[in-house]
Structure formats: structure tokens, C-alpha cells
Amino acid sequence: MDGEMRKPFIIKQINSISDQQTHVEDGLLKENKESLWMVYLSTFVSIWGSFEYGTCVGYSSPTQAAITEELNLSLAEYSLFGSILTIGAMVGAITSGSIADFIGRKGAMRMSSAFCITGWLSIHFAKDALALDVGRLATGYGMGVFSYVVPVFIAEIAPKNLRGALTTLNQLMISCGVSTSFLIGPLLPWRNLALFSLIPCAIMLVGLLFIPESPRWLAKIGKQREFEAALQQLRGKEADTSSEAAEIQDCTESLQQLPQAKLSDLFQIRYLRSVTIGVGLMVCQQFGGINGVVFYLRQTFVSAGFPPDLGTTICAILPIFVTALGVSLIDRAGRRALLLVSATGLVLGCLLAGAAFFMKDHELLLDAVPALTVTGILVYIGSFSIGMGAVPWVVMSEIFPINVKGVAGSLVTLVSWVGTWVASYTYNYLMSWSTYGTFMIYAVINGLAIIFIARVVPETKGRTLEEIQATINNHEEDQGHRK
């Protein structure tokens, strides 16, 4: 009798629990939906800085003939115009961390936009080489700051399960910016192409009015109320942010007890592994030859006997689709997996291109040389786009604690731009020495990158920034105690 009386009650309780679970699940779905839109909007606004970066890089290639003819520039004067962009970017890289720490992530993006706008207007109204160079230097500076602050801002606002994919959009938009300049450059007068390049800055400046500042930066400078409001805005009105806020606050408070970070502090045991990972990945990224190959892509296709217009068009479009594939994979496959696949593909691409030029130099199977060259270059560029192009910036934005992120980020970004200059400056000299030897050197460097990634770089997917940094720093401290 008692059993019969309890049975409906138990069923009722089970149904009640089931209803509660369904209600909770529905609430979570609703909460997640509400919490994501501001993160997506903030990411959308910030990555226009990456698109601007791409337009700066892509501007000089399609405009060379028109600018040199109209302003009567020598090859040396135009070469200075093209290369001074990298000098500006190096200066931007050196100051980027301090600027982002002093005026905030949004403030740094506004300042970068202002430099780019000033630079493009100087180029548009240029009557001589000096105005061109001043404008190019200004856009380079803005580009150097963008290259640091955009991935850092996205990493600091994104939930851990979306951080990799959203941060990788930085590289996707750089590819889109470069490709857009390559594709529409021949269709527009060079002065109008400079005006077109103002559009990303305009979109960003308007968008920054509607998105919150990085909560982690607000916590770092002690703006508690603004920190809580920004985090709530990013996660949704109904979201419970108490746990995440407490974790960020505890980590920030413990780091604030340390003295203000200087460059020399990065070589303490507690930060040594983070610095090794960040700098090492940028060395692997740049010294593998990517900017030498891309900057002189047309010349490489001419040397191989492949139609240069067709080759450069394919290489302008390919990175967009491959980088988009990387965006979809980074939070599933992980950072390490994409880096290892990417570095392996870079080795293969170099070997194919090197073999093609070896065959050309020794007059072996000459009919196959153009096809083999373009296959090697496409494998090389596609492999770079899926991992080595974007993932080092993702990892860089994740591994440094907030108290050293500014100075460490400046160092890592500077290493990247120095590598860009070295690769682009030495490429022609190497190719004049030995075409196939150049690609063999790049193959060896990318092979060493595989070893570095496998042995040193940790997997960071699915973990909060505080968890990643604590694991790396504790590892170094334990190593130091053992010694």
C-alpha cells in the first residue's frame, strides 16, 4: 500500500527534476545565446584592424608601376617606400605593449587607426617621394600596433571554448586585406586605393563606440566597477559571471603585488618558458621564409616559367579559404596539432619548389618545372595559412600574465617584424646565389620548427588564460627549484 502511494510521488519527483533540468538547459542555451553576441560584435569591430594591416602590406605591389611613373621615382626610391613600412611596424611593435597597457586596448586601436588615416591621406595627396615615405611610415606604425593589440584584445574578451577560433580571425582578415589590395589594386588609381584603405579604420572607429573595454585590462588598472560591467556585458545580462570574475580578480591581485615589469624581468625563471615559446614561434614563423616568398611571388613565378598574373591571383585567394578552415579547426584539433601540420606542409612545399628549381638549373624534365613550382608554392602558402600564420599570434595572446603582457608582447611582436625584414631583405640575395638552395634552407628551418613545437609548445585549447599562465609559470618555478 505504501509502495503504491509512494510510486506516483516518486514519478512526480522524477518528472519534476526532469522538467527542472530541461528548464536549466533551456536557460543555459538562452544565456549562451545572449552572452555571445557582444563577444562576436567586439571581435568583428577589432578585426578591421587586421584587415587594415593587410591593406598596408598589399598596397605597394599593384601600385608600383603607376606611382613610379606619375611621380618619376627611381627603383631605389620606390624600394625605400615599400620597405619603410617594416621600419614603422618595428617602432609600433616596440611601443605597442606599453601603449595598450597605458591607454587600454580600445585606446591603442583608436591611436593605430589615427596613424593609418594620417598615413593614407599623406600618400593620397603626395607630390613627391618624401610625402609617400612619411605616409608609409605612419601606416607601418599603426600596423605594428594593430599586430599586437588585436589578438590580445580578442583573447582577453573571448570565452575559453571560442578563444582560438576568434583570435585566428585576426590572420583571416589580414589575408583578406592583402588579397583585396591585390585584386582591386589594378582596377583603381593608386591615390584612390589609398582612400579605399581608410574604410577599415572608419568602421573600427565607429564600432569602438559600441563595445566594452577588455575586462582584464580594467581589472589590472583597478577599475572594479567598470571591470564587472564589461564582463557582464560580454557574457550577457542573465549570465552568472561571479566565478570568472573572481578568477580574473584573484590572478590580477596576485600579479599586482609584483613590481612593474621591465624587459629584463622577462628573463626571470618564472617567465622564461613563456618568452621562449612566444619568441620561438615568431622565429619559426618568419625565418621559414614566408615574407620573402610572398613579397617576390611574381618574380618567383617568372623565374619558374609560370604565368605570373595567374599565379599571384591564385596565391591571393588561397589563404582566405585555408585560413577559414584553420579557424574552424583550432578549437577542435588544438594549437599544437595545427602548428605541426602547418610546419610539415611548409617543409613539403619547400622541397617541391626546391626540386623544381634544381630540375630547371640542371635542365631535367623542363616541361614539368612550372607545374611543380606552382604546386610547391601553393602547398607552402596553404600550409602557412592553416597554422603557422595565425596560431603563433593566438598562443602569444594566451601565454603571458597580464603584468608582463605589455612588455612581453612588444618583444614578441618586434621579433616578428625583424624576422619579416630579414626574410624579405635576404630573399633576392639567396635566390641569386641558388634558387633551389634557398628553398632547401627554408625546408631545414621549418624542419627545426617541427622539433621546437613538438618539444616546447604546450596545448592551450579549452583552458582559461589564468589556467594557462599558472601552468606555464609553475612549471618554470618547479624546474628552478629542482636545479
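**Close-up views of a predicted model**

**Figure 1. Two helices, H11 (242-256) and H21 (465-482), each contribute at least two residues to the lining of the largest cavity.** The model shown here and in the following views is predicted. Helix H11 is the largest contributor to this lining, supplying four residues. Sorted by class, the residues of the lining are seven nonpolar, two polar and three charged.

**Figure 2. The second largest cavity is lined by residues that include Tyr-53 and Trp-393.** The classes present are three nonpolar and three polar residues, with no charged residue.

**Figure 3. Met-111 is set within helix H4, which covers residues 75-124.** Met-111 has a relative accessible area of 23% and is partly exposed. Residues under 20% are classed as buried and those over 50% as exposed, with partly exposed in between; Met-111 is therefore counted as partly exposed, given its value of 23%. When residues up to four places away in sequence are left aside, Met-111 touches Ile-99, Ile-103, Tyr-141 and Val-145. One of these contacts, Ile-99, is 12 residues from Met-111 in sequence, and the C-alpha atoms of Ile-99 and Met-111 are 9.1 Å apart in space.

**Figure 4. Helix H8, made up of residues 199-207, carries the buried residues Pro-200, Cys-201, Met-204 and Gly-207.** Viewed along the axis of H8, the buried residues of this helix fall within an arc of 135°, and they therefore line one face of the helix.

Definitions and conventions. Residues numbered from 1 in each chain as written. Predicted model: local features only at pLDDT ≥ 70, side-chain atom pairs only at ≥ 80, totals over all residues. Heavy atoms only, no water. Buried < 20%, exposed > 50% of the residue type's maximum accessible area, 1.4 Å probe, protein only. Contact = heavy atoms within 4.5 Å. Nonpolar A, V, L, I, M, F, W, Y, C, P; charged D, E, K, R; others polar. 1 Å grid on protein atoms, 1.4 Å probe; cavity = no way out; pocket = protein on both sides within 12 Å on 5 of 7 lines; lining within 4 Å. Arc of directions from axis to C-beta.
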